[in-house]
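Have the structure open beside you as you read.

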Amino acid sequence: MTRNMFVYILLLVVGIILFCSTIGDVVENVDLNDLIPNDGVSQSDDIKAKKISEAIEPTNPAVRAYALSAIKSSNSGSYNIGQICDIYYKLYNDWVYVNDPAGVDYYAPASESVKYLRGDCDDYAILMASLIESIGGGARVVCAYNEEVGH
């Protein structure tokens with residue numbers, strides 16, 4: 001994947017995050033399991049979702065400190081898109097892509113990823129979601145798979 005394609009995908013993810021955070025206020029007390037049938041979702045997908053959810057750590061002090069250090073004074077105030085962009089650009093520039101061990105889906109906790117700033121795309125997404133939630137936003141991690149690879 002080229003760097004430009006990576007940037008476009010991440011900008012799309014940020015847009016989805018903003019949309020989800022807006023929708024999240026509307027459906028705050030709705031159990032998503034009541035809305036989305038589990039048909040076709042394998043047990044391993046449920047386990048992956050649980051591992052990803054557990055890896056998101058918005059209240060970890062190191063995660064919050066990284067988010068705060070990224071936000072420019074020009075974007076101070078209540079939670080806003082400028083703060084998200086500041087976090088995105090800092091993480092994008094600091095991140096080094098490294099594969100998981102062969103044959104293993106490893107989901108690094110956000111506290112580990114923020115310490116090393118290395119990992120694969122799901123580690124990046126987990127950390128980004130954690131950073132956004134640490135400043136009051138809402139975030140979701142969406143995984144897509146085909147026959148050969150997941151992203």
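## A cluster of rings

Tyr88, Tyr89 and Tyr92 are linked into a cluster by ring pairs. Keep in mind that this model is predicted. The structure holds 3 aromatic pairs. In one of them, the rings of Tyr88 and Tyr92 have centres 5.7 Å apart and planes at 20°, and because planes under 30 degrees apart count as stacked, this pair is stacked.

Where do Tyr88 and Tyr92 sit in helix H5? They are 4 residues apart in this helix (residues 81-94), so about one helical turn separates them. Tyr88 is buried, with a relative accessibility of 2%. Tyr92 is buried too, at a relative accessible area of 10%.

## Where two helices meet

Now for the helices themselves. H5 and H7 pack with their axes 10 Å apart, at an angle of about 150°, and the crossing is right-handed.

Which residues of H5 and H7 make the contact? From H5 come Ile84, Ile87, Tyr88, Leu91 and Tyr92, and from H7 come Tyr124, Leu127, Met128, Leu131 and Ile132. Of the residues in this contact, 10 are nonpolar, with no polar and no charged ones.

Definitions and conventions:
Residues numbered from 1 in each chain as written. Predicted model: local features only at pLDDT ≥ 70, side-chain atom pairs only at ≥ 80, totals over all residues. Heavy atoms only, no water. Phe/Tyr/Trp six-rings, centres within 6.5 Å; stacked < 30°, edge-to-face > 60°. Buried < 20%, exposed > 50% of the residue type's maximum accessible area, 1.4 Å probe, protein only. Axes fitted to C-alpha atoms, helices over the stretch in contact; angles between N-to-C directions. Left-handed = near helix turned anticlockwise from the far one by under 90°. Contact = heavy atoms within 4.5 Å. Nonpolar A, V, L, I, M, F, W, Y, C, P; charged D, E, K, R; others polar.
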